[in-house]
Amino acid sequence: MSEFSPRDIERKWQDFWEEEKTFRTDAASDKEPFYVLDMFPYPSGAGLHVGHVEGYTATDIMARFKKARGFEVLHPMGWDAFGLPAEQYALKTGTHPRETTEKNVETFKGQLKALGFAYDWDREINTTDPDYYRWTQWIFLKLYEQGLAYIAEVPVNWCPALGTVLANEEVIDGRSERGGHPVVRKPMRQWMLKITEYADRLLDDLEIIDWPEHLKEMQRNWIGRSRGAEVDFAVDRSSAGGVEANIRVFTTRPDTLFGATYMVLAPEHPLVDEVTSEEQRQAVDAYREKAALKSDLERTELQKQKSGVFTGAYAINPVNDEKVPIWVADYVLYGYGTGAIMAVPGHDDRDWEFAKTYDIDIVEVISGGDVEEEAHTGDGELVNSQFLNGLNVEDAKEKIISWLEEKGAGKEAISYKLRDWLFSRQRYWGEPFPIVHCEDGRIVALPEEQLPLTLPEVEEYAPSGTGESPLATIDEWVETTCPDTGEPARRETNTMPQWAGSCWYYLRFVDPHNEEAPIDKELEKEWLPVDLYVGGAEHAVLHLLYARFWHKVLFDVGVVSTKEPFQRVVNQGMILGTSYVYYEDADGEILGSEAEGRDDVTQKTVHVDKVRWEGDAPMHPEADVKLEPLVEKMSKSRGNVVNPDDVISEYGADSLRLYEMFMGPLEQTKPWDPRGVNGVHRFLSRIWRLVCDEEGLSEKVTDGEADEELLRELHRAIQKVTEDTEALRYNTAIAAMMEYVNFIYKRQEVPKVAITPLVQMLAPYAPHIAEELWVRLGHEPSVSEAQWPAYDEELIKEDTYELAVQVMGKLRGTIDLAQDADEDAAVAAARAVEDIEKHLEGKEIRRVIFVPGRILNFVVG
RNA sequence: GCCGGAGUGGCGGAACUGGUAGACGCGUCGGAUUCAAAAUCCGAUGACCUCGCGGUCGUGCGGGUUCGAUUCCCGCCUCCGGUACCA
């Protein structure tokens, strides 16, 4: 075959790798281990998209590169297959989620294989496999034994019309995504995990891992640790109907205590009932009821107007014994801090706004602003604060905290935004909890030997109607006996959330068939942490935080020896598509870009495949209207999705892989350009033609030696590609290979020794063509087993180099200069150049700046 | 609002620790090949002035430091991502 035809070679080499088990990992090997991991996908019905391909290609290149560099590489793939879509499909069609999952896995796996990824498929993991979730349940038991799993009544999104609990993403504007039925907050019995107990470690250990700073920052913000003080305010008995109570507040600004002119309790705060006066009770109850109906989102999203109700009661400010009114307001969240605040309107924006609305006193305690105009939140000198007067904020905090501690009215405290993790779902398609509830109320964990507790077959996937999972309707599964006493008991009918399976899968890949433990201890020591973990930024917080949490728990119980699971994380950037936009007015008339911005029209798109091309102008298929190209996130509804299968059938997998890496830096958001694929395909064809001919090997290819210049270019290319690949700068590594190919194209003949290393360097990027060329060049398969080419710095050096010459910082010419030339030689050479000399003529040279290898600059007077 | 990131040719992007801005690719133009076209190969391609040699301007905007700034500092603008009453 004379022309490059991916169709003819790609399948062949995919089969070769599979049969030869080229990418099998020997976990017990003596070689240095390198673990490179992708965020495994949820196998959706839609199949792989170009975003998956980007991340997976990036890790695949690293895996193949490291293998060639002599590492024992672990590069596995699996399926995060529990989850909502399969269950919803089951609801609609009655198809068992297992069937849907199997089918989708089949599709995904076929697509991944067609891309030539070097996975060790013997280590494939599926989170829905009982042999896998047995250990997910086992880890849950460890959490439970450690006291880190508990049951609580927690409000969930309850949709009475659907008779089911909805996930946050299924609720839009307080209504169900499907059907638009009202959704209310309803407390239900839930499993919680005490991730808050690990907050400090999750925060501190960010220091020891090599993650992008923005990602660490997001985790820090999510944990939201803040230092402050807890202060007790006694409730004024006479105003609260004789009730004796303390209101404890958390504040980061104890220094402003003298400026506290009211207090606020969250509507859910238990003290509200106790302190509310008879006159105010009706108003308070009404307010609390209204607040309870709002979802968290509603409570926060429309932040414009603050609302609240006075309870009728007062509290005593411990620093000056002044009476301050106690209010109820939903801008205070029950879940954060103590659920109550001291309000300092002079120095807090929210309190200021509230005080203005309800005409509450504003007292300035820190000078430097005008508290009648706005809250002054910055630093300043303390005023109106007795013994704190004259101090700055920092010192006042210290002093007031010691004062409070001395008086027993408060103490230093730390608060977190992070909440405990709501760990149960009222669904069928998830891991069952290995827990039974006995009739006497005891909660008993199943013994390890009884794992896995498998999901029963069900007739109906419809929700039970009570808010419980469909499992609750299967009596023969639910009804069991207590493992301790043998008395009748009921199984837990909640299931675990999708996060559970993905919290530890990276461990299982190391030792996927172990029946004694989730992972062998020795192997864990050898392989963890993961050296490189690549995935989408959408998991920057939750998945990565949850997995870190589990890892730390497993560390504490001795299952793993490492503090952190992922040494290095990289987020691949999003790939954007081009939408073709037009506008439509109320009468359905189709309009072009001239209608942009008008508010009587709606923006619409034409699916990429339906666009009618008039030359290079995109036109509406039915109307004579020019469409406006718009680069944005790919989505089905915008008709701008690029399907990897289509690209493969037109250009082949190698071109798709190469293009996605050539587009730009891995972490950056990049627009898809269909013509770009053609460009890299052209590059691969050029290499092909360089090597191959109708007869087999091209006439240009010789058995001779490489000359000095060729060697220099070759070794320069090897150096650049090696360094850039190591640093994930794939785009510039590819550019270096292109430059080298352009260079050898200009030659009549090229010796094999100058092409072979190129093919080896190409192999991680475009493995199929590289394998084929490798064999054509007379080597035994496979290039995937070959050692990465080395470069020799000596060969790269030249006798002379080109030096830029500036006069007054402006480039005036270049000179060829010997490597070891000194300043005098450089100046002489520069002055010999007419174009440079004419800028120096008749001027006094005041200074010469000579940086060997970099610059020669004349400063003239 | 706050936090994070980014603004470089017609387009995607390159430029190591301040040292020839625009590598590589796309597109465009020209040439070769062809009966012709596609494909391929070779060359040109930031803008402006100039017949040409050459020159001036140019990395979002305005300042600054420096012999020299895409790179460092100060002040803005725009876009993208995250987050949002967290006391």
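The questions and answers below walk through a predicted model of chain A.

User: How is this model numbered, and what limits apply?
Analyst: Residues are numbered from 1 along each chain as its sequence is written, and chains are lettered from A and ligands numbered from 1 in the order in which they are written. The model is predicted, so local features need pLDDT of at least 70, side-chain atom pairs count only at pLDDT 80 or more, totals for chains, interfaces and linings use all residues, and side-chain values use heavy atoms, with hydrogens and water left out.

User: How many helices and strands does chain A have?
Analyst: Helices (H or I, at least four residues) and strands (E, at least two) are DSSP runs, numbered from the N terminus. Counted this way, chain A has 27 helices and 38 strands.

User: What percentage of the residues in chain A is buried?
Analyst: Buried means under 20% relative accessible area, exposed over 50%, and partly exposed in between (1.4 Å probe, protein chains only). Chain A has 861 residues. The buried share is 54%.

User: Why do the buried residues of α11 line one face of the helix?
Analyst: Helix α11 covers residues 349-358, and D351, W352, F354 and A355 are buried there. Look down the helix axis and take the directions from it to the C-beta atoms, which define the arc. The buried residues line one face because they fall within an arc of 165°.

User: Which strands do the buried residues of α11 pack against?
Analyst: Contact means heavy atoms within 4.5 Å. The buried residues of α11 pack against β12 (262-265), β13 (308-316), β14 (323-329) and β15 (340-343).

User: Which strands stand at the edges of the four-strand open sheet?
Analyst: Two strands pair if DSSP finds at least two bridges between them. The order is β36-β35-β38-β37, with mixed pairing. Each edge strand has a single partner, so one side of each is left without a neighbour in the sheet. The edge strands are β36 (810-818) and β37 (845-851).

User: Which residue of β38 is the bridge partner of R847?
Analyst: β37 and β38 (residues 855-860) run antiparallel and are joined by six bridges. The partner of R847 in β38 is V859.

User: What angle does the direction of helix α26 make with that of β36?
Analyst: Helix α26 (residues 823-831) packs on the sheet and touches β35 (800-807), β36, β37 and β38. Axes are lines fitted to C-alpha atoms, for helices over the stretch in contact, and angles run from 0 to 180 degrees between N-to-C directions. The angle with β36 is about 120°.

User: Is F850 buried or exposed?
Analyst: F850 lies in strand β37. Residues touching F850 include Y801, L817, A826 and L856. With a relative accessible area of 14%, F850 is buried.

User: Why are α19 and α24 called oblique to each other?
Analyst: The axes of α19 (residues 653-662) and α24 (residues 767-776) come within 7 Å and cross at roughly 120°. Angles under 35 degrees count as roughly parallel, over 145 as roughly antiparallel, 65 to 115 as roughly perpendicular and the rest as oblique. The two helices are therefore oblique.

User: Which residue of β23 is the bridge partner of G535?
Analyst: In strand β22 (residues 532-536), five of five residues are buried. β22 pairs with β23 (residues 569-572) in the parallel sense over four bridges. The partner of G535 in β23 is N571.

Notes: Lists of a residue's contacts leave out its neighbours within four places in sequence.
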